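Subject: A structure for you to look through

Hi there,

Here is the structure I promised to pass on to you. Have it open while you read, and my notes on what turned up follow just below.

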Amino acid sequence: MSIKGKAYLMGAFEHPTREAPDKSTPQLHSECMRGALADAGLSKDDIDGYFCAGDAPGFGAMSMADYLGLRNLRHMDSTETGGSSYILHVGHAAEAIAAGKCSVALVTLAGKPRTDKGGGGPRGGGFAAAPEAAFEMPYGGTTHNQYAMCATRHMHEYGTTSEQLAWIKVAASHHAQYNEHAFLRDVVSVEDVINSPMIATPLHRLDCCVVTDGGGALIVTSPEVAKRLNRPKVKIIGAGEAPKGTYGGKVDLTYSGAAWSGPKAFAEAGVKPSDIKYASIYDSFTITVLMQIEDLGFCEKGQGGKFVSDGNLISGVGKLPFNTDGGGLCNNHPTNRGGITKVIEAVRQLRGEAHPKVQVRNCDLAIAHGTGGSLGTRHGSATVIMERE
Amino acid sequence: MSEQGTKPAPAARKIFPPAINVETERFWKAAEAGKLLYGYCLACKEPHYYPRSFCPFCFSESVEWREASGNATVYSYSIMYRSPTGPYTIAYVTLAEGPRIMTNLVDCDFKKIAIDAKAKLVWKPSEGGAPVPFFTLA
């Protein structure tokens with residue numbers, strides 16, 4: 001697909017300041033956004049794509065998107081190539097627009113190296129400079145206790161139980177027993193999970209993923225190259241992405257960004273959750289899986305506890321075989337980032353190359369979905385739907 | 001130094017000093033005076049937290065920073081046991097004025113913490129920085 005003639009530059013703004021001791025860096029981003037919107041004659045809620053790079057304080061595009069109040073994003077990109085990033089972002093924005101991924105893309109750059117002498121590292125000072133840092137970092141938030149707060153609230157609103165969450169780990173362990181590389185290969189029971197030490201209420205040690213070294217890689221090619229290769233073809237047929245944040249004090253812990261990225265991916269692919277034969281679902285914690293399954297539409301909101309119980313996620317037993325490599329809960333979680341392994345196991349399933357004991361029969365349609373960041377504050381959700389050709 | 005054969009008590013959890021910038025320094029000045037501020041938009045009439053120089057809902061710059069009453073209810077929480085300095089409770093509480101904010105529930109019996117429990121503002125010193133707003137059961 002060519003981007004020729006598919007996108008236009010319609011707003012531009014150069015901040016007049018050259019020395020800004022009276023403004024924060026996030027504030028400068030907001031003022032640049034205001035200027036460009038005014039130039040284009042658009043308003044904040046028209047923006048559905050956001051592009052930023054290493055100068056944007058905080059966690060990738062997530063902190064700034066949350067700070068700026070960008071609620072309609074369906075495309076984001078924080079590709080970092082130093083000073084050229086924003087030229088590159090124009091190209092990316094055009095591609096995204098040509099592909100229908102967004103229609104109004106915002107690119108921001110701001111910083112104050114003159115005022116903050118020696119301050120501001122390559123990521124604008126890192127997490128400590130994120131606009132939310134002062135209001136969150138004193139409270140000892142970790143992945144464990146932030147995800148755990150989602151579980152506490154989910155249990156309160158929907159009656160979800162620790163036993164139901166435990167079934168997710170049980171299913172993963174049933175798969176991991178066949179994976180010779182899995183970090184944990186022992187099959188565990190619901191009792192094993194709920195009797196394991198409490199980490200952050202209501203999550204036990206066996207509700208948490210493993211910590212491992214490792215890595216992964218993927219090759220994505222054009223149809224022409226794919227045709228020349230002697231491998232089963234796995235076609236990408238749908239993708240969705242969305243950020244979720246704390247929304248200026250309107251945080252809701254009962255759902256994830258999958259509620260937006262999932263439907264977009266399904267709509268693009270032209271398939272329904274019930275068509276999916278295999279699902280790779282990010283499993284940093286058991287609650288992560290449960291909420292994403294609901295938000296992706298595999299069951300009604302609030303019914304995730306019932307859905308995952310009684311082996312429903314075990315290959316050959318239940319309706320939705322998931323994480324047949326053992327997932328992050330048993331197999332691995334390289335560098336504390338489990339997204340790539342989710343795609344890898346989905347590709348194995350679609351090629352028919354999963355372990356024979358967990359291979360899904362006639363597996364021609366699969367989903368890989370992940371949550372990056374914190375379910376309890378701000379995160380980026382990404383969904384990909386793949387088909388065997 | 002502890003006596004031989006006795007375990008030293010865990011050191012108190014370090015309260016990270018808030019990173020203050022020119023946009024938020026008046027929040028932390030008010031904190032020194034025991035006042036918890038939240039943002040209120042004069043254009044769309046919505047309150048927000050953390051306060052900032054504009055409204056995150058309608059993007060208006062007509063925002064006031066108002067003092068919260070300090071009354072709140074527990075929205076969710078987790079008691080963190082994986083801590084070298086002893087268990088502590090992270091929580092979101094909903095301020096009487098509307099915004100839902102991250103905090104810790106301190107100086108209270110863990111067994112009495114529940115969703116919808118009433119909570120009230122208390123201040124604690126940070127490590128060499130401004131005081132930080134916490135909540136305790138009311």
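Let's begin with one helix in chain A. In α10(A), the buried residues are Thr286(A), Ile287(A), Thr288(A), Val289(A), Leu290(A), Met291(A), Gln292(A), Ile293(A), Glu294(A), Asp295(A) and Leu296(A). That makes α10(A) a mostly covered helix, with 11 of its 11 residues buried. Please keep in mind as you read on that this is a predicted model.

Which helix packs against α10(A), and at what angle? The partner is α6 of chain A, residues 162-176, while α10 of chain A covers residues 286-296. To find the contact on your screen, look for Leu165(A), Ile168(A) and Lys169(A) on the α6(A) side. They meet Thr286(A), Ile287(A), Val289(A) and Leu290(A) of α10(A). Sorted by type, the residues of this contact are five nonpolar, one polar and one charged.

Now zoom out to the whole of chain A. It is divided into domain 1, residues 25-139, and domain 2, residues 143-388. The C-alpha centres of these two domains of chain A lie 29 Å apart. Where they touch, 13 residues of domain 1 of chain A are in contact with 12 residues of domain 2 of chain A. On the domain 1 side, the elements that give two or more residues are α2 (62-68) and β2 (75-77) of chain A. The largest share of that side comes from α2(A), with four residues. By type, the domain 1 side that touches domain 2 of chain A has six nonpolar, four polar and three charged residues.

Chain B is next. It holds one helix and eight strands, and along the sequence the pattern reads α-β-β-β-β-β-β-β-β. The C-alpha trace of chain B spans about 65 × 35 × 25 Å along its principal axes. Chain B has 138 residues, and 41% of them count as buried. Among the contacts in chain B between residues at least 6 apart in sequence, 49% join residues at least 24 apart.

In what order do the strands of the three-stranded open sheet in chain B lie? The order is β2-β1-β3, and the pairing is antiparallel. β2 and β3 (63-67) of chain B stand at the edges with a single partner strand each, so one side of each has no neighbour in the sheet. Strand β1 of chain B, residues 37-41, pairs with β3(B) in the antiparallel sense over five bridges. You can check one pair yourself: Gly39(B) has Trp65(B) in β3(B) as its bridge partner.

Last, the place where the two chains meet. Here 40 residues of chain B are in contact with 38 residues of chain A. On the chain B side, two or more residues come from each of β2 (47-48), β4 (71-80), β5 (88-95) and β6 (100-104) of chain B. The residues on this side of chain B divide into 25 nonpolar, 10 polar and five charged.

Best wishes

Definitions and conventions:
Residues numbered from 1 in each chain as written. Chains lettered and ligands numbered in written order. Predicted model: local features only at pLDDT ≥ 70, side-chain atom pairs only at ≥ 80, totals over all residues. Contact = placed C-beta atoms within 7 Å. Nonpolar A, V, L, I, M, F, W, Y, C, P; charged D, E, K, R; others polar. Domains from an automatic or database assignment. Pairing = 2+ DSSP bridges. Buried ≥ 20, exposed ≤ 12 C-beta atoms within 10 Å, placed from the backbone. Axes fitted to C-alpha atoms, helices over the stretch in contact; angles between N-to-C directions.
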